[in-house]
Amino acid sequence: AVSVSLLADSQANLIQLSHRTVGVIDRLNEQLAPLDLSIVVENNQAETMEDNIDQIIRLAIVGGLLAVVILWLFLKNLRLVFFIALSIPISVYTAFNFFYGAGITINSLTLVGMALAIGMLLDNSVVVLENIYRISSTGNTPERSVTQGTREVWRSILAATLTTVTVFLPFVFSDNFLIKLMGHHIGVSIISTLLISLAVALLFIPMATYTLS
């Protein structure tokens, strides 16, 4: 037997590289079959990475659903919870554009960052929507409730979001390679998700509330 070890470049996408390599191995095995030879993959780190990413995605989904359930238990308003729950997929999928702009891929580090941000990104929408409904319950028109409710809290949620964002900014610009690598992936994912959630809370939530009022 001949053993060959393939090492990926540090900047390469290990999962994509693994899929291409396995495809080449399958084609080679078809050519080597008449010679009674075969190439066997003994260890594939990409498979472990894919399993970890799938697990992180499942845990993030479960965490998001549990957050929505907790909101339902406390708010007892299905429409309110529905609007807030919409901020999760909007913020997450829009954040992928920031990943592309920053030149990072969806990997275990970025997914961990997004999982950490899911619970925090609900806060902005909760504050805005709850304040709108509070003003609406006093007999104000939907237009006044939306404008006044958003105007009263936008400074607070902006300050709260920026204080969280600034915590992760130093990690992104660190000179240490390992810290910069982790900070670049986790930091960018958290920062982008939180900034988008701020935009969702100040733009989408008031618009959706007014439309369905």
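Leaving aside neighbours within four places in sequence, serine 125 is in contact (heavy atoms within 4.5 Å) with Ile84, Ser87, Val200, Ala201 and Ile205. Serine 125 has its place in helix α4, where helices are DSSP runs of H or I with at least four residues and strands are runs of E with at least two, numbered from the N terminus. With a relative accessible area of 0%, serine 125 is buried, given that buried means under 20% relative accessible area, exposed over 50% and partly exposed in between, with a 1.4 Å probe and protein chains only.

This is a predicted model, in which local features need pLDDT of at least 70 and side-chain atom pairs count only at pLDDT 80 or more, while totals for chains, interfaces and linings use all residues. Residues are numbered from 1 along each chain as its sequence is written, and side-chain values use heavy atoms, with hydrogens and water left out.

**Overall fold**

- The protein chain has 6 helices and 0 strands, and from the N terminus on its elements run α-α-α-α-α-α.
- The radius of gyration, taken over C-alpha atoms, is compared with a globule rule of 2.2 Å times the number of residues to the power 0.38; at 23 Å it is well over the 17 Å that this rule gives for 213 residues, so the protein chain is more spread out than a compact globule.
- Taken along the principal axes, the C-alpha atoms of the protein chain fill a box of roughly 85 × 40 × 25 Å.
- Of the 213 residues of the protein chain, 33% count as buried.
- Among contacts between residues at least 6 apart in sequence, 71% join residues at least 24 apart.

**Nonpolar core**

- A nonpolar core is a set of buried Ala, Val, Leu, Ile, Met, Phe, Trp, Tyr and Cys residues joined through side-chain atoms within 4.5 Å; the largest one has 37 residues, of which Ile84, Ile88, Leu121, Leu122, Val128, Leu129 and Ile205 touch the most other members.
- Helices α2 (45-75), α3, α4 (108-136), α5 (142-172) and α6 (177-211) each supply at least two residues of this core, and the largest share, 11 residues, comes from α6.
- In soluble globular proteins, nonpolar side chains tend to be buried together.

**Helix α3**

- Helix α3 (residues 78-102) has 25 residues and reaches 37 Å from its first C-alpha to its last, close to the 36 Å expected, where the expected span is 1.5 Å times one less than the number of residues.
- Among the buried residues of α3 are Leu80, Val81, Phe83, Ile84, Ser87 and Ile88.
- Following α3 is glycine 103, whose phi is positive, near 75°.

**Aromatic pair**

- Rings of Phe, Tyr and Trp (its six-membered ring) pair if their centres lie within 6.5 Å, with planes under 30 degrees apart counting as stacked, over 60 as edge-to-face and the rest as tilted; by this rule there is 1 aromatic pair.
- The pair joins tyrosine 93 and phenylalanine 96 edge-to-face, at 5.7 Å centre to centre and 85° between the planes.
- Because they are 3 residues apart in helix α3, tyrosine 93 and phenylalanine 96 are separated by about one helical turn.
- Tyrosine 93 is exposed at 58% relative accessible area, whereas phenylalanine 96 counts as partly exposed at 26%.

**Salt bridge**

- The structure holds 1 salt bridge, defined as a side-chain nitrogen of Lys or Arg within 4 Å of a carboxyl oxygen of Asp or Glu.
- Arginine 134 forms a salt bridge with glutamate 152, and their closest N and O atoms are 3.0 Å apart.
- This pair links distant parts of the chain, with arginine 134 in helix α4 and glutamate 152 in helix α5, 18 residues apart.
- Arginine 134 counts as partly exposed at 39% relative accessibility, and glutamate 152 counts as partly exposed at 40%.
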